[in-house]
Amino acid sequence: AKVQENGQYWVLNLRDTYHKAGSKIIVKGGEYVNFDPSSNLSENPAENFVAAGYGAYELQAGVWTVVALTEEVTVANINALTSVGQHGGVARLVSDLTLTAEELCLAEGKSLVLDLNQHTLTVDALDPICNKGTMTLKNGKVVANDNVNTRRCLYNYGTMLLEDMHFVQKYNMKGAALNNAGNLTVNNCVV
């Protein structure tokens, strides 16, 4: 049942008296409207109901889809791209996107394989693609716009594989197209 309290939608809720006794909710699939089961604000502190090995992705505005991290998800918008950055997994881009903030940032301990599927990510911000986990970017193009705030295409702090990629840095200023502070492998790329 959907309950609205303090402006939040709760689709899943552990009753506090039972939650303290060890009750739990484990989510291994489905779609959740206006509710992110990986960050349930009805619990204090917020609780992740998504099972280990699964991710909750906002593939459509306001709709979170839970799938196994090994299952490919389709990325058609910025919300979906941000979600795959938060949870990791396997994803395929189906349209060109422009990143205006840190919208693809993979945390330490997360793993992501992102197939750009011959599409372009245009970056229009400082470090909108950053990796602290294990990330593979393949089969596409990343363009850093002609903008004083855009110094590079990506920043790697973790382990990253770039495969069959094309990187374009339009703005002529100090800074590398690919900035690395981790382990970076570049295979069959144009930079």
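This report describes selected strands, residues and side-chain pairs of one predicted model.

Residues are numbered from 1 along each chain as its sequence is written, and side-chain values use heavy atoms, with hydrogens and water left out. Because the model is predicted, local features need pLDDT of at least 70 and side-chain atom pairs count only at pLDDT 80 or more, while totals for chains, interfaces and linings use all residues.

**The parallel sheet**

Helices (H or I, at least four residues) and strands (E, at least two) are DSSP runs, numbered from the N terminus. Two strands pair if DSSP finds at least two bridges between them. Strand β12 (residues 129-131) pairs with β9 in the parallel sense over 3 bridges. Within this pairing, Leu106 stands opposite Asn131 in β12.

**Residues around the sheet**

Asn131 belongs to strand β12. Contact means heavy atoms within 4.5 Å. Apart from neighbours within four places in sequence, Asn131 is in contact with Leu106, Tyr155, Asn156, Tyr157, Gly158, Thr159 and Met160. Gly85 lies in helix α2 (residues 78-87). With neighbours within four places in sequence again left aside, Gly85 is in contact with Leu104, Cys105, Leu106 and Ala107.

The table gives relative accessible areas; buried means under 20%, exposed over 50%, and partly exposed in between (1.4 Å probe, protein chains only).

| Residue | Relative accessible area | Class |
|---|---|---|
| Phe35 | 3% | buried |
| Gly85 | 0% | buried |
| Asn131 | 0% | buried |
| Tyr155 | 16% | buried |
| Tyr157 | 40% | partly exposed |

**Aromatic rings**

Rings of Phe, Tyr and Trp (its six-membered ring) pair if their centres lie within 6.5 Å; planes under 30 degrees apart count as stacked, over 60 as edge-to-face and the rest as tilted. By this rule there are 2 aromatic pairs. One of them is formed by Tyr155 and Tyr157, which are stacked at 4.5 Å centre to centre with 15 degrees between the planes. The ring of Tyr157 also has the charged end of Lys132 over it, 5.6 Å from the ring centre. A charge sits over a ring if NZ of Lys or CZ of Arg is within 6 Å of the ring centre and within 35 degrees of the ring normal.

**The β4-β5 hairpin**

Strand β4 joins strand β5 (residues 63-68) through 6 bridges, and the two run antiparallel. Tyr54 stands opposite Ala68 in β5. The hairpin has 2 residues between the strands, and Gly62 there takes a positive phi near 80 degrees. Of the 7 residues of β4, 5 are buried, so this strand is largely enclosed by the rest of the structure. Phe35 is placed in the loop between β3 (30-33) and β4 (54-60). The C-alpha atoms of Phe35 and Val63 are separated by 7.1 Å, although the two residues are 28 residues apart along the chain.
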